[in-house]
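Please open the model in a viewer and keep the selection tool at hand.

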Amino acid sequence: MTALMFILGILVFVIGLLFSIAWHELGHFSTARMFGVRVPQFMVGFGPTIWSRKRKETEFGIKAIPLGGYIRMIGMFPPGDDGKLRKRSTSPFRGMIEDARAAAFEELQPGDEKRLFYTRKPWQRVIVMFAGPAQNLILAVVIFLGVLMGFGINTQTTTVATVSECVISQSEEPRDCRDTDRPAPAAEAGLLPGDVIVAFDGEPIEEWSTLQQRIRDTTGEATITVERDGATLDLRADLIQNQVARTDGDGGYVEGEYVTAGFLGFSPASGIVKQDFPQAVDRMGDIMTTGVEALVDIPSEVPGLWNAALGNAEREQDSPMGVVGAARVGGEIFTLDIPASQQVATALFLVAGFNLSLFLFNMLPLLPLDGGHIAGALWESLRRKLARLRKRPDPGPFDVAQLMPVAYVVAGVFICFTLLVLAADIVSPVRLTG
């Protein structure tokens, strides 16, 4: 049964992956068609074609390797010195191959002269190239909001899980209480496991992060209002200063870092809590910030990935994952001993995170990524405007093909990093459980 659930989880992720890729390419396809660019091909996957159908002037299909997708747009680059036009796809790998095909211009059809991508206005090209990543961002936002507001997430609450018997600096934990340790303020006040803290010094409390901050900002007497067995009680506590873990601002802790702050002495219980819209938007903003930070930190992750893949080092839990690693995590999600609704919610979160990563990565202003083409179109618009202001001749389209040497380097680095992540995912995969 566990094996079947594991396979089911992988299939769910793969389906979500394929949909995300198709959704991305649909953004490019729909806007290209809207601006009159001919799109001969729309493919999900790479490698051998396992299914395809032609609708009007476009061939739609699925290929064997579900690691990406592409659409073909004619006239991606302006003519070279020989006056010949070449085709280019939105896929980095496919594009590298097509750029090497000197005879690609022969596939142009009569009438295509007015349907070339490079002849569209810069702002139109920006929209076409941005539409793909934008689709991923839209999908990520919809899924994140849907999960946070519809399913809820595991969140620390204001319900008391355990009460500390004595005051121990968190940098010393774990250890038992000693005779010389003073009793914890929560224990002295009579706080019990199962109590729900509803107010602090008369101020209503709904979220753990708010309660945590109020406790840390307080030294001395305070009134803790709790609900216990259907009744509301006011408990008097004398909070003290203690060394506690630094918080991340959202109720969590920063590992290995400590500060001196107010201390009450209890641990909060966790539960599945549905977020309202402002809470969901705020949490989603934190997720996106974390995504940007993770993208910036990728170079610093290379040594750890290398040691995990080729050495004996353990894989960090927050280490970058590839499609194989994410699929494995997707399978593990469906084997967790949690309600089915939370399995679905966690799997959806994984797919949303994948879409957010696609958006952020593709927006890097480097060829052969979408962001590189956007940067080229913006530069063309800027230099044309400068030429008009200076009353100089129109410089014409910016030949993005001139930047292809950079694109080859970027693609090479990306391929090497992808292979390194793949090796780490196989040799030392990220696991949700021990």
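The stops that follow concern a predicted model.

**Stop 1: the annotated spans**

Begin by selecting residues 6-24, 126-153, 347-379 and 400-424, which an unreviewed UniProt entry lists under "transmembrane region". Within residues 6-24 the chain is 100% helix and 0% strand, and the end C-alpha atoms lie 27 Å apart. For residues 126-153, the composition is 93% helix and 4% strand, with 37 Å between the end C-alpha atoms.

**Stop 2**

The structure holds ten salt bridges. Select Arg228 and Asp195, whose closest N and O atoms are 2.7 Å apart in a salt bridge.

**Stop 2: a salt bridge between distant parts**

Next, select Asp425 and Arg315, which form a salt bridge with 2.9 Å between the closest N and O atoms. This pair links distant parts of the chain, 110 residues apart: Asp425 is in helix α11, and Arg315 is in the loop between α7 and α8.

**Stop 4**

Now select Arg328 and Glu332, whose side chains meet in a salt bridge of 3.2 Å from N to O. Both residues lie in helix α8, four residues apart, which is about one turn of the helix. Arg328 is partly exposed, with a relative accessible area of 22%, whereas Glu332 counts as buried at 7%.

**Stop 5**

Show the surface and select Val324, Ile415, Leu419, Leu422, Ile426 and Val427; together they make a nonpolar patch of about 510 Å². Helix α11 (residues 404-427) supplies the largest share of this patch, with five residues. Val324 is found in helix α8 (residues 323-333), and this residue is partly exposed at 41% relative accessibility.

For the negative patch, select Glu293, Asp297, Glu314, Glu316 and Asp318. Asp297 is placed in the loop between α6 (277-296) and α7 (298-310). With a relative accessible area of 37%, Asp297 is partly exposed.

**Stop 6**

Most residues other than glycine have a negative phi, and most peptide bonds are trans. Pro368 is in the loop between α9 (340-362) and α10 (370-389).

Continue to Asp201, which has a positive phi near 55° and lies in the loop between β5 (196-200) and β6 (203-204). Asp201 counts as partly exposed at 40% relative accessibility.

Finish at Lys391, where phi is also positive, near 55°. Lys391 sits in the loop between α10 and α11. Its relative accessibility of 78% places Lys391 among the exposed residues, because that class begins over 50%.

Conventions:
Residues are numbered from 1 along each chain as its sequence is written. This is a predicted model: local features need pLDDT of at least 70, side-chain atom pairs count only at pLDDT 80 or more; totals for chains, interfaces and linings use all residues. Side-chain values use heavy atoms; hydrogens and water are left out. Patches are made of residues with over 30% relative accessible area and no salt bridge: like charges are joined within 9 Å, nonpolar side chains (Val, Leu, Ile, Met, Phe, Trp, Tyr) within 5 Å. Accessible areas come from the Shrake-Rupley method with a 1.4 Å probe; for residues, only the protein chains shown count as cover. A salt bridge is a side-chain nitrogen of Lys or Arg within 4 Å of a carboxyl oxygen of Asp or Glu. Lys and Arg count as positive and Asp and Glu as negative; His and the chain ends are not counted. The place of a charge is taken as NZ of Lys, CZ of Arg, CG of Asp or CD of Glu. Helices (H or I, at least four residues) and strands (E, at least two) are DSSP runs, numbered from the N terminus. Buried means under 20% relative accessible area, exposed over 50%, partly exposed in between (1.4 Å probe, protein chains only). UniProt positions are given in the numbering used here, feature names are shortened, and annotations may be inferred rather than shown by experiment.
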